[in-house]
Amino acid sequence: MRGLSTLLNFANCVLFRSYNTSCGAYFIGNLRISTENRNNCFHQKVLKWPNISFLKMKVLLVQPTDKTSNYSPKRPVLWAAYVSATLKKEGHDVKFFDCRLKEFNDAEFKELLKSYKPDFVCFSIVALTHDCTFRYMKYVRELLDAKIIAGGPEVTTFPEDFLKLKLINFIFIGAADISFPKFLRLNGKNEELQGIGGFGYKENDKIHINKKAEVYNIDDVPFPDWDIFTLSSYKKNVSRIEFPIQSARGCPHNCIFCSVPSIVPSYRMRSAKNVVDELELIHKKYGTKKFQFQDDNFGMSKQRTLEICDEIIKSGLKIKWSVAQGFTAQSGSYEVFKKMKEAGCTTVGIGVESTDPEVLKFVRKPASLQQLKDAFINAKKAGITTKGFFIVGLPGSTYEKEMKNIDFFKEVKIDIPRFGNVMTYPKTELMDWVKKNAKSLIDFDEARNVTSENVASSVDTDMLIKPVFETDDFSSEDRMKAFNKCNEEAEKWALNNLFGKFVGPVAYKFSRVKFIRDIGEKVLDLMGGI
Ligand code: B12
Ligand code: SF4
């Protein structure tokens with residue numbers, strides 16, 4: 001029998017596919033580091049540094065909200081926890097502000113700017129967060145002389161476009177574990193800026209981007225710093241937060257639709273011991289019993305997966321964990337899942353994308369249809385809840401082929417099947433393919449221009465739901481029909497799995513009413529299920 005919390009989690013996943021979060025602010029307090037012993041080191045000439053008279057800097061990290069507000073902020077974010085850990089290690093003062101938290105607003109961000117007076121304000125930018133990001137950057141410009149730094153997936157994809165914006169002073173491309181502390185260590189010695197890997201700066205309006213990032217062992221990166229977050233804003237009972245953790249960075253594969261290979265160019269794994277040490281530390285410090293692995297592709301190395309499980313078991317940690325984004329189907333043997341279950345794994349998400357072998361081959365999906373089937377069957381046999389992610393409308397697909405996905409999730413009994421329309425991310429092969437072989441339904445250049453602060457608000461969030469291209473074999477109408485049909489069937493199926501075949505259909509009918517979904521979400525939240 002499923003435990004109550006697993007059941008609640010499951011109910012949440014099935015019922016609440018969209019969340020409402022208004023843009024808010026997160027007040028951090030006004031702790032100030034003593035200013036004695038700080039030197040005036042920053043060079044003022046070329047970069048026009050603010051009048052910084054400290055060696056130790058005050059850095060404010062900002063998590064913008066995205067236009068869809070599809071994800072309620074259930075947990076703090078990894079990027080800020082990593083950046084903070086590397087900066088604090090060198091004695092800098094770091095604070096964090098989460099625009100996604102609904103209990104705060106823009107006014108509090110301005111208050112924080114005035115009271116904290118940071119030297120640097122840093123934003124992590126992903127698609128659809130531009131509106132919020134630029135609004136907040138403007139507040140910084142209006143109120144302070146602080147320098148604005150941008151990083152994250154969008155900046156890594158379009159470094160020049162962001163750096164040339166007047167609002168932004170510096171950018172970091174990809175991980176900044178080495179480069180950011182190094183930048184602050186330079187103390188404004190401009191002539192050494194070109195020595196910082198993956199860093200961008202301006203010199204008399206000329207843009208400089210240092211391409212090469214340093215190579216380092218990721219076991220040496222300090223563990224994420226969760227102390228900068230007001231954790232009780234994410235869950236009243238902090239021990240109920242499902243902390244994110246990443247055991248490896250990137251993915252060694254190169255699926256044509258995926259932006260991960262261009263955002264995280266190399267695949268690197270942490271050692272099993274290093275991963276479990278982090279779990280133990282968080283468990284001891286916050287009483288956490290639940291974790292979520294946010295790797296792009298968890299389980300690439302079967303041996304390391306088994307080692308992580310063995311380490312967890314050996315440590316005596318009584319924790320539950322899930323694999324959120326994608327488990328490597330090729331590693332999905334019964335032996336591996338059984339061990340994962342033993343070590344506390346409750347749920348695995350596996351990217352299926354399509355069940356048509358030709359489509360899978362064309363998009364360079366590394367797993368075969370048989371490997372995908374086996375992975376779902378083995379995980380279920382081991383007692384792990386399965387989520388399957390499908391992409392409607394990949395190259396070569398048709399309405400009929402999409403309908404086969406429904407047969408597939410029923411055949412292998414995926415607990416929670418999920419469908420999304422294919423999205424063409426910039427700098428992917430899919431984007432090139434669409435330009436040559438399909439009819440675009442949105443202006444990709446304009447969509448790409450979301451990096452310009454002027455057009456940010458013109459990009460429609462429908463982009464995420466509606467097809468963005470069509471082909472002769474698969475029209476826009478049929479794509480939408482397939483998307484709706486697959487989603488409807490998936491939700492009915494998942495609710496039947498959850499509540500049984502009599503109550504399931506009733507739950508499905510109720511779940512169509514937004515008001516009831518909202519109440520249900522609150523009830524589940526109160527009960528600690530999400
Ligand atoms: C976990 C995850 C989520 C989580 C948590 C998001 C979060 N902000 O932490 C949830 C489910 C909430 C989510 C939501 C969305 N996501 Co998401 N998500 C991911 C995923 C799988 C991992 C991100 C992660 O935590 N990585 C681990 C951390 C440590 O790495 P990192 O974020 O890259 O940060 C490191 C460096 O980049 C750098 N860094 C990052 N930011 C900054 C900023 C500064 C100033 C500095 C110095 C350094 C720095 O330092 C970090 C440590 O090295 C990525 C895939 C990927 N590999 O990037 C997609 C990804 C980032 N998501 C994506 C998208 C589109 C979204 C949504 C817009 C989806 C939507 N609404 O429908 C929302 C946006 C929500 C938001 N406000 O951020 C896209 C972004 C594509 C793009 N070009 O921007 C990605 C790349 C997936 C994809 N489809 O390709 N996501
Ligand atoms: S296996 Fe997953 S993460 Fe890796 S390239 Fe393909 S879709 Fe992206």
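Trainee: How do the residues of the shell around ligand 1 divide into nonpolar, polar and charged?

Mentor: Happy to start there, and please keep in mind that this is a predicted model. Of the 41 residues around ligand 1, Cys 122, Ser 124, Gly 151, Gly 152 and Ala 175 come nearest. By class, the shell around ligand 1 splits into 23 nonpolar, 13 polar and five charged residues.

Trainee: Which element gives the largest share of the shell around ligand 1?

Mentor: Let's look at the contributors. Two or more residues of the shell come from each of α2 (78-88), β3 (120-124), β4 (147-151), α5 (153-157) and α8 (260-263). The largest share is four residues, and the element that gives them is α2.

Trainee: From which domains does the shell around ligand 1 draw at least three residues each?

Mentor: The domain bounds come from an automatic or database domain assignment. With those bounds, the shell around ligand 1 takes at least three residues from each of domain 2 (56-226) and domain 3 (242-501).

Trainee: And ligand 2: how many residues of the shell around it are charged?

Mentor: Good one to check by eye. Ligand 2 is surrounded by Cys 251, His 253, Asn 254, Cys 255, Cys 258, Val 260, Pro 261, Asp 296, Asn 297, Gly 326, Gly 351 and Pro 366. This shell holds six nonpolar and five polar residues, and the number of charged ones is one.

Trainee: Are α14 and α17 roughly parallel or roughly antiparallel to each other?

Mentor: Helix α14 (residues 399-411) and helix α17 (residues 476-511) have axes 9 Å apart and pack at an angle of about 10°. Angles under 35 degrees count as roughly parallel. The two helices α14 and α17 are therefore roughly parallel.

Trainee: How many charged residues does the contact of α14 with α17 have?

Mentor: On the α14 side sit Tyr 399, Glu 402, Asn 405, Ile 406, Phe 409 and Lys 410, which meet Asp 478, Lys 481, Ala 482, Cys 486, Glu 489, Ala 490 and Trp 493 in α17. Sorted by class, this contact has seven nonpolar residues and one polar residue, while the charged ones number five.

Trainee: Is the crossing of α9 and α10 left-handed or right-handed?

Mentor: The axes of helix α9 (residues 272-286) and helix α10 (residues 302-315) come within 9 Å and cross at roughly 40°. The pair is therefore oblique. As for the hand of the α9 and α10 crossing, it is right-handed.

Trainee: What are α3 and α4 to each other, oblique or roughly parallel?

Mentor: For helix α3 (residues 106-116) and helix α4 (residues 130-143), the axes come within 10 Å and cross at roughly 40°. The crossing is right-handed. The orientation of α3 and α4 is therefore oblique.

Notes. Residues are numbered from 1 along each chain as its sequence is written. Chains are lettered from A and ligands numbered from 1 in the order in which they are written. This is a predicted model: local features need pLDDT of at least 70, side-chain atom pairs count only at pLDDT 80 or more; totals for chains, interfaces and linings use all residues. Axes are lines fitted to C-alpha atoms, for helices over the stretch in contact, and angles run from 0 to 180 degrees between N-to-C directions. Angles under 35 degrees count as roughly parallel, over 145 as roughly antiparallel, 65 to 115 as roughly perpendicular and the rest as oblique. A crossing is left-handed if the near helix is turned anticlockwise from the far one by less than a right angle, and right-handed if clockwise. A residue is near a molecule or strand if its C-beta atom, placed from the backbone, lies within 6 Å of it. Ala, Val, Leu, Ile, Met, Phe, Trp, Tyr, Cys and Pro count as nonpolar, Asp, Glu, Lys and Arg as charged, and the others, Gly among them, as polar. Two residues are in contact if their C-beta atoms, placed from the backbone, lie within 7 Å.
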